[in-house]
Amino acid sequence: MRTFFTLVFILLSHTAFATEQAEEIFAQLTPSLYQIKLIDKASGEKSSIGSGFQISADGIIATNYHVISSYARHPEKYHIEYLDHQGHTAQVTLVSVDVINDLALVKRKVDADMPFFELSETKPIKGEKLFALGNPHDLGMIVVPGTYNGLKKESFNERIHFTGSINSGMSGGPVVNKLEKVVGINVATSGNQIGFLVPHDKLVSLFERYNKQPPADIKRQMAKQLMASQDKLMKALMSSTWQNKELAGKALIPIIDVPFIRCWGDSNTDKTDALIKAAIASCSLDESTYLSSHFFTGSIEIQFRYMQARNLSDNKFYHLYQQQISRASAGNRASKDDVSEYQCHHDLVRPESTANTDKSINNKSVFCTRAYKDFPGLFDVLYLGASIDKNQQALVSHFTLAGVNQENAMTFTRKFMEAVSWK
Amino acid sequence: MEVTNEILNSVEENEQTTSSTPANLPNEQSEIIIEEITRNHKLVHRHRLTKSEICIGRGYQNDIILSDPHICPQHISLNLSQGEWQLNDNGSVNGTSLENSEGKHQHIHQQKINDGDVIVLGKSQLRVLFSDHQVADTIAFSPFESLIDIIRNPIAVLISIVLFMLIAANISYLNQPTETNISQMFVSAFSISLLFALWPAGVALVSHLTKHDPRIFAQFGISFIFFILLWLSERLEKIIAFNSASNSILGLLFTLLPVALAFSLFWLNSYIGFHVSARRRVAIAVSITTLLFGGSYLLQYSKKPEFNPHPQYNAAIMAPHFLIAPSNNVDTFLEQSNRLFEQATQAAKKN
C-alpha cells in the first residue's frame with residue numbers, strides 16, 4: 001500500500017516517552033531547544049506548535065516550514081513565538097524558508113552570544129545511533145533514541161529513514177549524533193517506529209544562503225523554490241526512459257523508469273459477476289510539498305485502466321464506461337484562496353505517432369488546468385484520455401500534475417498522449 | 001343551480017359560438033336573450049323570450065325561475081317601453097345591481113338595460129343580450145385539429161405509450177450496473193410510464209373541472225409523443241456533445257431544443273384542453289416552461305458551491321457507431337489546451 005505521511009505537528013501527542021539516561025546526556029543542549037508556537041492574533045491563543053533549535057550565537061532558530069506555514073501564508077493573521085526551557089516567551093521573526101525540504105529559519109532577539117547546536121560536517125553511517133529531540137507541549141524536552149537507516153529510497157527530495165518514534169509536536173526538532181552534532185531535522189512519521197528526517201545538509205545550505213543574502217520576500221522566495229523544484233522534477237521525468245508496457249495484453253502504456261515514481265496494479269478478475277473486466281495500473285510520486293494544511297503541491301499521479309465488456313451491448317458498455325470517466329478529480333488538495341477553478345478543454349484526438357497502424361488509438365481527450373493565486377506561473381494540470389474506437393474494449397489514460405509551469409505541463413502531456421496506444 | 005324553464009316560445013341553446021346574427025326584423029327589440037351565467041361568466045342556461053314584460057324571481061309564476069335562496073319570489077321585472085328595455089327591482093331584500101360591458105358596477109332600482117349588461121341578483125348573474133348582439137368571428141379549424149385527430153386515435157395513443165415504455169426500459173437497462181433482470185426492467189419501465197402519465201391525466205382533469213371537454217386520448221397521445229421527442233432531443237444533444245470539441249455553438253443550440261419542445265407540449269396541452277385566446281395560451285405555455293426550466297436552473301444554481309475544487313468537463317462518450325466527426329491530432333489539441341493557462345491565470349487574478 002501507499003505510504004501516507006503524517007505530518008507530526010498540531011496534534012498534541014502525549015505518548016512521548018523519554019529515555020532517562022539520554023535526557024541526562026543531553027541536558028546541556030536544552031537551552032538551545034525551543035517550542036515554536038503560532039499565535040492567532042485575534043484570539044490570542046496558539047493555533048499550532050512544533051519544535052525548533054538554535055543554530056547560531058545571534059539567535060537564528062531552525063524549525064520545519066510546516067510548523068510556521070500558516071504565518072508564511074497569512075502573516076497578517078498570526079505571529080510566531082518561542083518558548084524556551086525556562087518558560088520565557090518572546091516573538092520571533094521569520095527570515096527564510098525552504099518549502100521543498102520543509103525547513104524554516106526564524107530569528108529571536110539575543111542580548112549576548114548564546115549556546116547553539118552545531119551542524120554536523122559528515123553524514124551518519126547506516127546503523128549509527130541517533131537521538132531525536134523535541135519539545136512537545138507541556139512535556140518539556142524529550143529525547144528519543146533511534147537508528148539511522150540511510151536515505152529513504154524512492155524519494156525525489158531526500159529524506160533520512162530514522163528507525164525510532166518521532167512524535168507529534170517534535171516537528172522541527174533536531175536529531176543529533178553521539179557528538180551532539182545535528183544530522184537531521186524531525187519532519188514526518190509513517191507509523192510505528194518509522195520516522196523521517198530532513199538531512200542536515202539541506203539546513204546547512206539554507207543557512208549559508210541566508211547568511212549570504214537574506215530573502216527580501218518570503219512569498220517570492222517560496223514561488224522561486226517551487227518553480228525550481230518542479231523544473232528539476234519534470235526535467236528528471238522527461239529525460240528518463242518511458243518504458244512501453246503491456247496492460248492486460250491489449251494496450252501499451254508508458255511506465256516512467258525512475259525510482260521515485262512507484263506503480264501498483266489491481267484487477268477484478270476474481271469477480272465473476274462483474275459486467276466489465278478491468279485491469280488498473282497506477283503510478284505516483286509518493287511525496288508532496290506541504291504549503292498549508294489545505295494546500296499541497298508537487299504530486300504526480302498516473303493511471304491506466306483497461307476495460308473489457310462481458311456479455312454487454314456496446315451501448316451499455318459505453319454507458320457504464322462514461323460513468324467511470326466522468327469524475328476525475330485533482331490529485332492535490334487546494335482551497336479557494338490558493339487556486340482558481342479548473343478550466344477544461346475536450347476534443348477527439350488520434351495521436352499521429354501510431355496513426356495508420358494497428359496500434360492506432362482514437363481518444364476523447366480532456367485537458368484541465370487551474371492556476372495558483374500566490375505563485376504566478378504555476379498550475380495544476382489534469383489529463384484524461386478515453387478510447388472510443390473499440391466496441392467492447394476501452395483504455396483510459398489519466399494523469400495529474402500539481403504545481404508545474406505551462407511549458408513542462410505541455411511537454412509532459414504531449415509525450416504522455418503519444419505513448420499510449422493499443423497493442 | 002337548478003333551472004326550470006316554462007316559457008312558451010323560448011328556445012334553448014347550448015352552443016355558445018354557433019349563434020348567428022339574425023336579420024333585422026321590425027320587432028327585434030321585443031326579442032331578448034337572457035343567459036344564466038356563473039361568476040366566471042360561463043354559460044349555464046340560455047333563454048330566448050319574445051315578451052314585452054319579463055318577470056324574474058324565485059316564485060313559480062315568473063318567466064324565469066331561479067332557485068337561488070337569496071333571490072326574492074318577485075325579484076325583478078324587465079319591461080319594453082318605447083323600444084328600450086327597463087329593469088325594475090321589485091323591492092327585493094338583497095337588491096339588484098347592474099354590471100355593464102365596461103365592468104362598472106352599480107346598485108339600481110330602475111335602470112335602462114343595454115346589450116351585454118349583466119344583472120347581479122342574489123348570488124346569481126344574468127346576462128342580457130339583444131338579438132342583434134355582435135358575436136365573435138368564426139374560428140377556422142387549425143391545422144392542428146387534423147393532427148390531433150390522428151394522435152387521439154386509440155391505436156396511436158397505444159403505440160406512443162408502448163414506444164415510451166420501451167425507451168424507459170432501455171434507460172433502466174443502461175443504468176443497471178449489475179446483471180439485468182427482464183422483469184425488473186419492465187416493472188421500472190411501467191412505473192416510469194405511470195409517473196409520466198400523471199401529466200396528461202392532470203391536464204385532462206383540470207380541463208374537465210373547468211367545464212371544458214377533457215379530450216383525454218388527445219392529451220395522452222400528444223404528451224407521450226412529446227416525451228419521446230424530448231428523449232430523442234437528449235440523445236441528439238449527447239451525439240453532438242460526443243462528436244464536437246468544447247465551446248461548440250452547435251452544442252449550445254441543442255441545449256435549447258428541449259426548452260422549445262417543452263414549450264410546444266404545454267402549448268398543445270392548453271390548445272386541446274382549454275378554450276382560451278391565443279395570447280393567453282402562449283402566456284400559459286411560457287410560464288409553465290419558465291417554471292420548469294427556470295426552477296431546475298435555480299435549484300442547480302443554489303446547490304453550486306462557491307468554489308469547486310473538481311474539474312467540470314463534458315465526459316460524453318458513445319459507442320463507436322455514433323462517431324461521425326474526424327479526430328484532431330495532438331498538436332491541435334495541445335494548441336487549444338494552451339489557451340486554458342491564460343484563462344486560468346485570469347480566473348486566479350479575479351479574487
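Analyst: The largest nonpolar core of this predicted model comprises 130 residues. The residues with the most contacts inside this core are I68(A), L103(A), A132(A), F162(A), V175(A), F379(A) and I317(B). As a general matter, nonpolar side chains tend to be buried together in soluble globular proteins.

Leaving aside residues up to four places away in sequence, V175(A) touches L130(A), F131(A), A132(A), F162(A), V182(A), V183(A), G184(A), I185(A), N186(A) and L197(A).

The chain around V175(A) may be described next. Chain A contains six helices and 26 strands, and its C-alpha trace spans about 80 × 40 × 40 Å along the principal axes. Of its 423 residues, 47% count as buried. Among contacts in chain A with a separation of 6 or more, 65% join residues 24 or more positions apart.

L252(A) counts as partly exposed because it has 19 C-beta neighbours inside 10 Å, whereas a buried residue requires 20 or more. Beyond four places in sequence, L252(A) touches N244(A), E246(A), K359(A), S421(A) and K423(A).

The contact between the chains involves 54 residues from chain A and 40 residues from chain B. On the side of chain A that touches chain B, at least two residues each come from α5 (314-325), β22 (343-349), β23 (363-371), β24 (379-387) and α6 (406-419). The greatest contribution to that side is made by α5(A), with nine residues.

Within chain B, helix α5 (residues 249-273) packs against helix α6 (residues 278-303) at an angle of about 135 degrees, and their axes are 8 Å apart. The helices α5(B) and α6(B) are therefore oblique to each other, and their crossing is right-handed. From α5(B), the residues V259(B), A262(B), F263(B), F266(B), W267(B), S270(B) and Y271(B) take part; they meet R281(B), V282(B), I284(B), A285(B), V286(B), I288(B), T289(B), L292(B) and F293(B) of α6(B).

Elsewhere in chain B, P154(B) belongs to helix α2 (residues 154-175). P154(B) is exposed, since 10 other C-beta atoms lie within 10 Å and the limit for that class is 12 or fewer. The C-alpha atoms of P154(B) and F186(B), which are 32 residues apart along the chain, are separated by 22 Å.

As to confidence, chain A averages a pLDDT of 88, and 93% of its residues score at least 70. For chain B the mean pLDDT is 85, and 90% of the residues reach 70 or more. The pLDDT stays under 50 over residues 1-19 of chain A, for which the model has 46 contacts beyond four places in sequence. Over residues 1-28 of chain B the pLDDT likewise stays under 50, and the model has 30 such contacts for this segment. For the complex, the predictor gives an ipTM of 0.85 and a pTM of 0.80.

Terms used:
Residues numbered from 1 in each chain as written. Chains lettered and ligands numbered in written order. Core = buried A, V, L, I, M, F, W, Y, C linked by C-beta atoms within 7 Å. Contact = placed C-beta atoms within 7 Å. pLDDT = per-residue confidence, 0-100. Axes fitted to C-alpha atoms, helices over the stretch in contact; angles between N-to-C directions. Helix = DSSP H or I, 4+ residues; strand = E, 2+ residues; numbered from the N terminus. Parallel < 35°, antiparallel > 145°, perpendicular 65-115°, else oblique. Left-handed = near helix turned anticlockwise from the far one by under 90°.
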